Amino acid sequence: MWEQYSYGILVVMVAGVIAFLALARERDDLHKLLLLDLVEIVGLGMIALLGTDLAEALILPGLTVGIAELLALSQIYCTKEGIRDRPVRGLNIEVIAKADAPLILSIFLVAYGMVLSGFTGGGVAGLGLVFLFISRTYREDLNLLEMASGISWALWIFAFFVFMFLPQYWFVALMGAAIGILLKVTVKMSLVGTMWGEQHD
Amino acid sequence: MIDLVGGVPLFVLEFGDELVYFTPYTITLFLLALTFTVLVLISRPERQIDIAFGSDAYRAKEISVDEMRFRRLMAIACGLATMGAMVTGDIFNFTLFTAMVGITNVGIVAAVKSKHVQDAAYQYGLVALAATVPLFAGAAIYAAVTGSLSMIELMKGTVPAVPLIAKGMLVLGVIGEGMAPFYAAKAEMFRAPGAPYVIMCSLSSLLIFLRVVEIVMLG
């Protein structure tokens, strides 16, 4: 196992060096940001190589910090370049919008996500829904989704309270937490997929 | 336990996987961060006055209340993150707090709505984002080699020695995150309107540099 870890680190380092070389040659601000995000994902590989539960717990905050910095920097970029108000209106590709393929792919992803369950499953299922929403152009009523997200979050928290105060019912809590986080992440991701660039009133 | 930079821990709190401890060294740093956060909380923003050379004329720069409020929020968040970085006894929590110091510093600098300040903030943000890579990677190698992220375990000297590359990466990451004063100076932030908040950049960088020295000397 130790050997593999060393090789893995070597690969990550080589990837990092390549990415930083590219960064040193790049002159465009936006491309620099994109390259850095790429480097960061590779860097997270170094934590992932630990291959333990601890590593999984460490990747999430690492990813969150990366996304937070990415969002902050994108905002600064928009401000400094004076870019504003350019709503994104989904993928306007006629072939995708008319065909059945997005639906089939989405069903597959959602089903697979439910099998995976938990946070990862939520991510996969959410991706399926995002794909469906951006390939269709019609509008959904998002209030229902927002409510589902809130309720599933409450379920997740409730499960944690069961863990803390009634540990003998751990199985119920486990199921509640798994389903809650699955729904929550799925719904949140699909909201992210549909709400971008829209003006809220 | 003899050659500890920070001295022997006076107080250790282990709450689940959250680990907090105080040594004489970290108490000093923590109190410094706390004092400055309170100062930021109660101090009133200044208005920059430019005096035209050779005459009696002067002009005051107007800054909107919203901008001030945002910078105060960022300065307080920066103070809290610094305090966290001072007292935590967990390597990964330290890196997270350091990354948060970096983000809040970006926020403090970027709140000024002028082109050259925004440029400096963006460049600093890129450096901070790049620095998170060695920062987290260093912590990951710590965990891989010693099997623990606890600084108390490192102090005991029972775990394997931490390789130099992990320490180097940790220091490199902290240097990158703590670059804020350089960019703030580059953007002439210290003279810029709303001066009291920008001092938090310098203070937080100084404190995380001092803390990482202690951490690197541990294992």
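Student: At what angle do α2(A) and α3(A) pack?

Tutor: The axes of α2(A) and α3(A), which are 10 Å apart, are lines fitted to C-alpha atoms, for helices over the stretch in contact, and angles run from 0 to 180 degrees between N-to-C directions. This is a predicted model, in which local features need pLDDT of at least 70 and side-chain atom pairs count only at pLDDT 80 or more, while totals for chains, interfaces and linings use all residues. Residues are numbered from 1 along each chain as its sequence is written, and chains are lettered from A and ligands numbered from 1 in the order in which they are written. The packing angle of α2(A) and α3(A) is about 175 degrees.

Student: Is α2(A) roughly parallel or roughly antiparallel to α3(A)?

Tutor: Angles under 35 degrees count as roughly parallel, over 145 as roughly antiparallel, 65 to 115 as roughly perpendicular and the rest as oblique. The angle here is about 175 degrees, so α2(A) and α3(A) are roughly antiparallel.

Student: How many residues of the contact of α2(A) with α3(A) are nonpolar?

Tutor: Residues are in contact if their C-beta atoms, placed from the backbone, lie within 7 Å; among those concerned are A:Leu33 and A:Leu44 of α2(A), and A:Leu63 and A:Leu70 of α3(A). Ala, Val, Leu, Ile, Met, Phe, Trp, Tyr, Cys and Pro count as nonpolar, Asp, Glu, Lys and Arg as charged, and the others, Gly among them, as polar. Two residues of this contact are polar and three are charged, while the nonpolar ones number twelve.

Student: Which element gives the most to the side of chain A that touches chain B?

Tutor: The two chains meet through 26 residues of chain A and 24 residues of chain B. Two or more residues on the chain A side come from each of α1 (2–25), α2 (29–48) and α3 (53–81). With 14 residues, the element that gives the most is α3(A).

Student: How many strands does chain B have?

Tutor: Helices (H or I, at least four residues) and strands (E, at least two) are DSSP runs, numbered from the N terminus. Chain A has eight helices and zero strands. Chain B comes to eight helices, and its strands number four.

Student: Is the crossing of α2(B) and α3(B) left-handed or right-handed?

Tutor: Helix α2 (residues 65–87) of chain B packs against helix α3 (residues 91–110) of chain B at about 160 degrees, their axes being 8 Å apart, and the two are therefore roughly antiparallel. A crossing is left-handed if the near helix is turned anticlockwise from the far one by less than a right angle, and right-handed if clockwise. For α2(B) and α3(B), the crossing is left-handed.

Student: Is B:Gly54 buried or exposed?

Tutor: B:Gly54 is found in the loop between β3 (49–51) and β4 (58–60) of chain B. A residue is buried if 20 or more other C-beta atoms lie within 10 Å of its own, exposed if 12 or fewer, and partly exposed in between, with C-beta atoms placed from the backbone. Because B:Gly54 has 6 other C-beta atoms within 10 Å, this residue is exposed.

Student: What percentage of the residues in chain B is buried?

Tutor: In chain A, which has 201 residues, the buried share is 27%. Chain B has 219 residues, and the buried share is 49%.
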